[in-house]
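This report is meant for a reader new to the structure. Please look over the sequence and the model before reading on.

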Amino acid sequence: MHDETRTTALFFAPFVSSNLRVEPQWIDYNGHLNMAYYHVLFDRAVDELFSLVGVNHHYVETRNASVFAAECHVLYKRELTESDQVRITAQLIAFDEKRLHFYLEMRHASEGWLAATSENLSLHVDMTTRKVAPFPADILAGLALMKAAHARMPLPAIVGRMIGMPEKTAITVEAMSGQRERETRH
(Lines give C-alpha, C1' and ligand atoms only; values in the text may rest on other atoms or scores of the structure.)
Protein backbone atom coordinates (compact mmCIF):
# COMPACT_ATOMS: atom_id res chain seq x y z
CA MET A 1 0.00 0.00 0.00
CA HIS A 2 1.50 3.31 -0.98
CA ASP A 3 1.09 6.52 0.95
CA GLU A 4 -0.96 8.94 -1.11
CA THR A 5 -0.38 12.64 -0.55
CA ARG A 6 -3.08 15.00 -1.74
CA THR A 7 -2.21 18.50 -2.74
CA THR A 8 -4.48 21.44 -2.11
CA ALA A 9 -6.76 22.05 -5.08
CA LEU A 10 -6.98 25.40 -6.79
CA PHE A 11 -10.61 26.32 -7.33
CA PHE A 12 -11.70 28.58 -10.12
CA ALA A 13 -14.82 30.66 -9.70
CA PRO A 14 -16.86 29.39 -11.34
CA PHE A 15 -15.68 25.87 -12.03
CA VAL A 16 -15.74 25.19 -15.80
CA SER A 17 -16.17 21.66 -17.14
CA SER A 18 -14.44 20.10 -20.09
CA ASN A 19 -16.24 20.31 -23.44
CA LEU A 20 -19.16 17.88 -23.51
CA ARG A 21 -20.83 16.79 -26.76
CA VAL A 22 -24.51 16.15 -27.49
CA GLU A 23 -24.59 12.55 -28.73
CA PRO A 24 -26.76 11.55 -31.73
CA GLN A 25 -28.78 8.95 -29.79
CA TRP A 26 -29.91 11.68 -27.37
CA ILE A 27 -31.90 13.56 -30.03
CA ASP A 28 -35.66 13.05 -29.71
CA TYR A 29 -38.50 13.16 -32.24
CA ASN A 30 -38.59 16.96 -31.93
CA GLY A 31 -35.11 17.09 -33.43
CA HIS A 32 -33.40 18.43 -30.31
CA LEU A 33 -31.69 17.15 -27.18
CA ASN A 34 -34.20 15.21 -25.09
CA MET A 35 -34.72 16.72 -21.64
CA ALA A 36 -33.30 13.64 -19.87
CA TYR A 37 -29.91 14.14 -21.48
CA TYR A 38 -29.51 17.67 -20.18
CA HIS A 39 -29.34 15.87 -16.81
CA VAL A 40 -26.69 13.49 -18.16
CA LEU A 41 -24.54 16.42 -19.30
CA PHE A 42 -25.01 18.21 -15.96
CA ASP A 43 -24.16 14.99 -14.12
CA ARG A 44 -20.91 14.54 -16.07
CA ALA A 45 -19.86 18.07 -15.13
CA VAL A 46 -20.78 17.44 -11.47
CA ASP A 47 -18.52 14.38 -11.52
CA GLU A 48 -15.66 16.61 -12.71
CA LEU A 49 -16.47 19.25 -10.09
CA PHE A 50 -16.60 17.02 -7.03
CA SER A 51 -13.62 14.97 -8.16
CA LEU A 52 -11.61 18.10 -7.32
CA VAL A 53 -12.38 17.57 -3.61
CA GLY A 54 -11.84 13.82 -3.80
CA VAL A 55 -15.42 12.60 -4.28
CA ASN A 56 -15.15 10.29 -7.28
CA HIS A 57 -15.17 6.61 -8.24
CA HIS A 58 -12.04 5.95 -6.18
CA TYR A 59 -13.74 7.59 -3.16
CA VAL A 60 -16.71 5.23 -3.49
CA GLU A 61 -14.43 2.19 -3.73
CA THR A 62 -12.00 3.08 -0.94
CA ARG A 63 -14.18 4.96 1.52
CA ASN A 64 -17.51 3.30 0.85
CA ALA A 65 -19.39 6.59 0.57
CA SER A 66 -20.83 8.68 -2.24
CA VAL A 67 -23.02 11.66 -3.07
CA PHE A 68 -26.64 11.14 -4.13
CA ALA A 69 -28.94 13.68 -5.78
CA ALA A 70 -31.81 14.71 -3.50
CA GLU A 71 -33.39 17.53 -5.48
CA CYS A 72 -32.85 19.08 -8.88
CA HIS A 73 -34.49 22.05 -10.59
CA VAL A 74 -33.66 22.39 -14.29
CA LEU A 75 -34.68 25.29 -16.51
CA TYR A 76 -34.46 24.63 -20.23
CA LYS A 77 -33.57 27.92 -21.92
CA ARG A 78 -32.57 27.03 -25.48
CA GLU A 79 -32.49 23.93 -27.66
CA LEU A 80 -29.36 21.92 -28.24
CA THR A 81 -29.01 19.76 -31.33
CA GLU A 82 -26.86 16.87 -32.49
CA SER A 83 -23.10 17.38 -32.10
CA ASP A 84 -23.44 20.69 -30.23
CA GLN A 85 -20.74 21.04 -27.62
CA VAL A 86 -21.37 22.58 -24.22
CA ARG A 87 -19.38 23.68 -21.21
CA ILE A 88 -20.93 23.72 -17.79
CA THR A 89 -20.05 26.13 -15.04
CA ALA A 90 -20.66 25.32 -11.40
CA GLN A 91 -20.93 27.35 -8.23
CA LEU A 92 -21.04 25.79 -4.77
CA ILE A 93 -23.74 27.82 -3.03
CA ALA A 94 -23.66 26.15 0.40
CA PHE A 95 -22.65 22.97 2.19
CA ASP A 96 -22.79 21.45 5.62
CA GLU A 97 -21.59 18.18 7.13
CA LYS A 98 -24.00 16.10 4.99
CA ARG A 99 -25.36 18.28 2.15
CA LEU A 100 -24.26 20.20 -0.94
CA HIS A 101 -26.25 22.99 -2.62
CA PHE A 102 -24.89 23.99 -6.02
CA TYR A 103 -25.87 25.80 -9.19
CA LEU A 104 -24.93 24.92 -12.77
CA GLU A 105 -25.17 26.71 -16.11
CA MET A 106 -24.91 24.89 -19.43
CA ARG A 107 -23.63 27.08 -22.28
CA HIS A 108 -22.93 26.39 -25.92
CA ALA A 109 -19.16 25.83 -25.98
CA SER A 110 -18.31 28.02 -28.98
CA GLU A 111 -21.16 30.57 -29.06
CA GLY A 112 -21.65 31.04 -25.32
CA TRP A 113 -25.44 31.18 -25.17
CA LEU A 114 -27.27 29.70 -22.19
CA ALA A 115 -28.94 26.35 -22.90
CA ALA A 116 -30.06 25.37 -19.38
CA THR A 117 -29.55 25.90 -15.66
CA SER A 118 -29.72 23.40 -12.83
CA GLU A 119 -29.97 24.02 -9.09
CA ASN A 120 -29.22 20.95 -6.98
CA LEU A 121 -29.17 19.56 -3.48
CA SER A 122 -27.07 16.44 -2.95
CA LEU A 123 -26.56 14.27 0.11
CA HIS A 124 -23.46 12.44 1.34
CA VAL A 125 -24.34 8.75 1.79
CA ASP A 126 -22.67 5.87 3.60
CA MET A 127 -22.85 3.10 0.99
CA THR A 128 -22.95 0.34 3.64
CA THR A 129 -26.06 1.63 5.39
CA ARG A 130 -27.42 3.60 2.38
CA LYS A 131 -28.13 6.43 4.81
CA VAL A 132 -27.07 10.06 4.88
CA ALA A 133 -23.79 10.45 6.78
CA PRO A 134 -21.27 13.21 7.52
CA PHE A 135 -18.46 13.95 5.07
CA PRO A 136 -14.97 13.06 6.28
CA ALA A 137 -12.85 15.99 7.52
CA ASP A 138 -10.60 16.08 4.44
CA ILE A 139 -13.59 16.35 2.09
CA LEU A 140 -15.14 19.08 4.24
CA ALA A 141 -11.83 20.97 4.09
CA GLY A 142 -11.83 20.76 0.28
CA LEU A 143 -15.45 21.90 0.14
CA ALA A 144 -14.58 24.85 2.39
CA LEU A 145 -11.82 25.90 -0.03
CA MET A 146 -14.17 25.57 -2.99
CA LYS A 147 -16.88 27.54 -1.19
CA ALA A 148 -14.41 30.31 -0.30
CA ALA A 149 -13.48 30.69 -3.97
CA HIS A 150 -17.11 30.55 -5.11
CA ALA A 151 -18.31 32.96 -2.39
CA ARG A 152 -16.67 35.78 -4.35
CA MET A 153 -19.22 35.26 -7.11
CA PRO A 154 -22.65 36.86 -6.83
CA LEU A 155 -25.50 34.54 -5.91
CA PRO A 156 -27.40 33.79 -9.12
CA ALA A 157 -30.81 35.48 -9.05
CA ILE A 158 -32.45 32.23 -10.10
CA VAL A 159 -31.28 30.28 -7.01
CA GLY A 160 -34.24 29.30 -4.85
CA ARG A 161 -36.77 29.83 -7.62
CA MET A 162 -40.04 27.99 -7.12
CA ILE A 163 -42.04 26.32 -9.85
CA GLY A 164 -45.46 27.87 -10.17
CA MET A 165 -47.92 29.69 -12.33
CA PRO A 166 -48.88 33.23 -11.35
CA GLU A 167 -52.59 33.44 -10.65
CA LYS A 168 -53.27 35.74 -13.59
CA THR A 169 -52.01 33.15 -16.10
CA ALA A 170 -53.48 29.99 -14.62
CA ILE A 171 -56.33 28.45 -16.58
CA THR A 172 -58.93 26.51 -14.62
CA VAL A 173 -61.98 24.55 -15.68
CA GLU A 174 -64.13 27.05 -13.79
CA ALA A 175 -62.60 29.97 -15.70
CA MET A 176 -63.32 28.26 -18.98
CA SER A 177 -66.98 27.84 -18.02
CA GLY A 178 -67.32 31.45 -16.94
CA GLN A 179 -66.81 30.88 -13.20
CA ARG A 180 -63.49 31.72 -11.60
CA GLU A 181 -62.30 30.03 -8.45
CA ARG A 182 -59.42 31.53 -6.49
CA GLU A 183 -56.30 29.36 -6.56
CA THR A 184 -54.81 28.33 -3.28
CA ARG A 185 -51.43 26.98 -2.38
CA HIS A 186 -51.36 23.79 -0.32
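This is a predicted model: local features need pLDDT of at least 70, side-chain atom pairs count only at pLDDT 80 or more; totals for chains, interfaces and linings use all residues.

Residues are numbered from 1 along each chain as its sequence is written, and side-chain values use heavy atoms, with hydrogens and water left out.

**Helix α1**

Helices (H or I, at least four residues) and strands (E, at least two) are DSSP runs, numbered from the N terminus. Helix α1 covers residues 35-51. The expected span of a helix is 1.5 Å times one less than its number of residues. Buried means under 20% relative accessible area, exposed over 50%, and partly exposed in between (1.4 Å probe, protein chains only). In α1 the buried residues are Tyr38, Leu41, Phe42, Ala45, Val46, Leu49 and Phe50. Seen down the axis of α1, these residues fall within an arc of 160° (taken from the directions from the helix axis to the C-beta atoms), so they line one face of the helix.

Contact here means heavy atoms within 4.5 Å, and the contacts listed leave aside neighbours within four places in sequence.

| Residue | Loop | Relative accessible area | Contacts |
|---|---|---|---|
| Ser17 | between β1 and β2 | 1% | Ala45, Glu48, Arg87, Ile88 |
| Asp28 | between β2 and α1 | 18% | Leu33, Asn34 |

Both values fall under the cut-off, so Ser17 is buried and Asp28 counts as buried. Asp28 and Glu82 are 54 residues apart in sequence, and their C-alpha atoms are 10.0 Å apart in space.

On a 1 Å grid over the protein atoms alone, a cavity is a set of points where a 1.4 Å probe fits but cannot get out; a pocket is an open set with protein on both sides within 12 Å along at least five of seven lines; lining residues have an atom within 4 Å of a point. The largest pocket has a volume of about 380 Å³, where a volume is the space filled by probe spheres set on points joined across faces, edges and corners. It is lined by 20 residues, of which Asp43, Val46, Asp47, Val67 and Ser122 are the closest to its centre. Helix α1 gives the most to this lining, with six residues.

There is one cavity of 30 Å³ or more. The largest cavity holds about 40 Å³ of space, and its lining includes His73, Tyr103 and Arg161.
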